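Colleague: I would like to learn how to read a structure like this one. Please take me through some features in turn.

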Amino acid sequence: MASDTTPAETQTFAPSPEFTAQANAGAELYDQAEAEGVDFWARQARELLTWNKDFTEVLDWSNPPFAKWFQDGTLNACYNAVDRHVEAGNGDRVAIHFEGEPGDSRSYTYAQLKDEVSKAANAMEGLGVVKGDRVALYLPMIAEAVIAMLACARIGAIHSVVFGGFSADALRSRVEDGQAKLVVTADGSYRRGKPSMLKPAVDEALSEGASSVEHVLVVRRNEAEVEMTEGRDVWWHDAVGSASTEHTPAEQGAEDPLFVLYTSGTTGKPKGIMHTTGGYLTQGAFTHKYVFDLKPETDVYWCTADVGWVTGHSYVAYAPLVNGSTQVIYEGTPDSPHRGRFWEIVQKYGVTIMYTSPTAIRTMMKWGEEIPGEYDLSSLRVLGTVGEAINPEAWTWFHRVIGGGRCPIVDTWWQTETGAIMISQLPGVTVAKPGSAQVPMPGIKVDVVDDNGQPVPNGTSGFLVLREPWPSMLRTIWGDDDRYVDTYWSRFGDMYFAGDGAKRDEDGDVWILGRVDDVMNVSGHRLSTPEIESALFSHPSVAEAAVVGATDETTGQAVIAFVILSDQADAEGRDKAELAEEMRAHVGKEISPIAKPKKVLIVPELPKTRSGKIMRRLLKDVAEDREVGDVSTLADQTVMQQIVDSLAR
């Protein structure tokens, strides 16, 4: 697997006695989960959710790996997220503060959200959508995206959200695979101060296939001129605006599908990850309550993820609303209209819990701490990271500069497939180690194993697996049970293989080493990209770094690093070849001479999706001197040409 070095585990951060005294979680939560087994999840399901009909069986694992949780119980996801809060007298509580990139804003109370979702559900039913139908959502990060998701759940339709940065081809393949009856989109959105278009991609996708689509429902967002196909296309404000606010949520079985979310593979047909209702909502609500220490009466929660990704499903559209939270939704990027935009939003709404990506944190580190220093961030009390392992330098910056040294940080590991957080600190309980996800959630059985599926000793790396089923697990790949078994359960038989490498340190805490396919084999030594990136990042001249393995005749694979200089290093104008050599030597010193990159390439930018993930496969194309692949998912599609041009110079 990966080499047995990890970032230095030198510093630890214990929670303050004051935080521990008020925390939702206590150490006894782990003991309860261990003692109660699956009944622990039954208790969470009954405490956190409202059921139309209570379940009598917690888990049916008679046909592994096909799990059924709470299967004879019935409930509705939208009712749990909206109606029950209004019925409980909390209709005046703000559910969503929407902040548009240009600065327009609107807040929805739970009572207003109930009306808007009911109207959207009635409009969808008026367009022929019934329980079990699939609805594709191709929207910017606007309130209507969450409203449309909840409207589908209210009807019992299965939503398939397609990230608004995906191409027409990517949209078409997902619509066709799910046989969607309705597409919900917008004329466009705003991106770094300019209007961007969405509706033309829908038209292109539907012009060459996707014959299952009967209607396209279009939100007017940026007043762009768009073509409307008569008989097929309907404006949201016409259909939803005139609809009734009275709508009865459909009663759903706990195992009825809630949504399908496609993971975008670089090759082959995308995988439609299918999640059902009862178990997904249970584990989402549980993790949201305890991982973020949520106090719904007083907290203002902000997850910066787009609903096009699973984080936006679990920790924007569902769990926060199921738990009765007040949350912020932001349409734009951290640097528009200025680089202090995130902190301006924290200050404006008094955000208390912030959940964002390590990539975003590293980007803002690069801009300097004087920018967040201009804003009042004293409302923050819990910080979280998601999407990839966070390097210790970014962790400590986030803790010191954004959290003022007082906010616990939860470094969460989970996947589209797991549905909810699986490994994380619990604030008020865990003594945090920067860079480590540390401990499985109560009720989750994680292990690190070798090639033969045997547990590895502490201090050793291996493959990350899950030994027992969990409530929010994917149930299958849409329409392809065989692929589900082959992809996730064939490597180690009775264990779910996450596809990630991990290491347990001497204390038994888990460190995520990245995707197994991100592990490079250099002269027989296995090296993980995150640890080399972390070593590069500790060099004072490096603002951001991404590492790939490129085919090499001599060593099998060679480490190629792409680096963005810090603003200060850029301003100093040092010789780049000299700097690159210095960085190579730095990695050799930090990890081992074996880990020294063959080349360090200094570039103006890195290819990132709009959610902030670095697209390393495109860098691999450059490293192996191939034509660069599909760039349609990038936030800035010109980045790869900039990289190629800068290296040519």
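Colleague: Is lysine 613 buried, partly exposed or exposed?

Modeller: Keep in mind that this is a predicted model. Buried means under 20% relative accessible area and exposed means over 50%. Lysine 613 has a relative accessible area of 46%, so it counts as partly exposed.

Colleague: Where is the place of lysine 613, and what does lysine 613 touch?

Modeller: Lysine 613 sits in the loop between strand S30 (599-602) and helix H19 (616-623). Not counting residues up to four places away in sequence, Gly387, Pro607 and Lys608 are touched by lysine 613. The UniProt record, an unreviewed entry, lists Lys613 under "modified residue: N6-acetyllysine".

Colleague: Which residues touch the most other members of the largest nonpolar core?

Modeller: A nonpolar core is a set of buried residues joined through side-chain atoms within 4.5 Å. Here the largest one has 142 residues, and Leu150, Val184, Tyr315 and Tyr318 touch the most other members. Helix H6 (residues 143-155) gives the most to this core, with 11 residues. Another core, of 30 residues, lies apart from it and includes Ile361 and Cys407.

Colleague: What is tyrosine 318 in contact with?

Modeller: Leaving aside neighbours within four places in sequence, the contacts of tyrosine 318 include Met149, Leu150, Tyr280 and His313.

Colleague: What is the order of the strands in the open sheet of 4 strands?

Modeller: The order is S21-S22-S24-S25, with antiparallel pairing. Strand S21 (446-449) and strand S25 (510-515) are the edge strands, each pairing on one side only. From one strand to the next, the twist averages 45 degrees. Strand S24 (residues 496-504) pairs with S25 over 5 bridges. Alanine 502 has isoleucine 512 in S25 as its bridge partner.

How values were computed
Residues are numbered from 1 along each chain as its sequence is written. This is a predicted model: local features need pLDDT of at least 70, side-chain atom pairs count only at pLDDT 80 or more; totals for chains, interfaces and linings use all residues. Side-chain values use heavy atoms; hydrogens and water are left out. Buried means under 20% relative accessible area, exposed over 50%, partly exposed in between (1.4 Å probe, protein chains only). Helices (H or I, at least four residues) and strands (E, at least two) are DSSP runs, numbered from the N terminus. Contact means heavy atoms within 4.5 Å. Two strands pair if DSSP finds at least two bridges between them. Axes are lines fitted to C-alpha atoms, for helices over the stretch in contact, and angles run from 0 to 180 degrees between N-to-C directions. UniProt positions are given in the numbering used here, feature names are shortened, and annotations may be inferred rather than shown by experiment.
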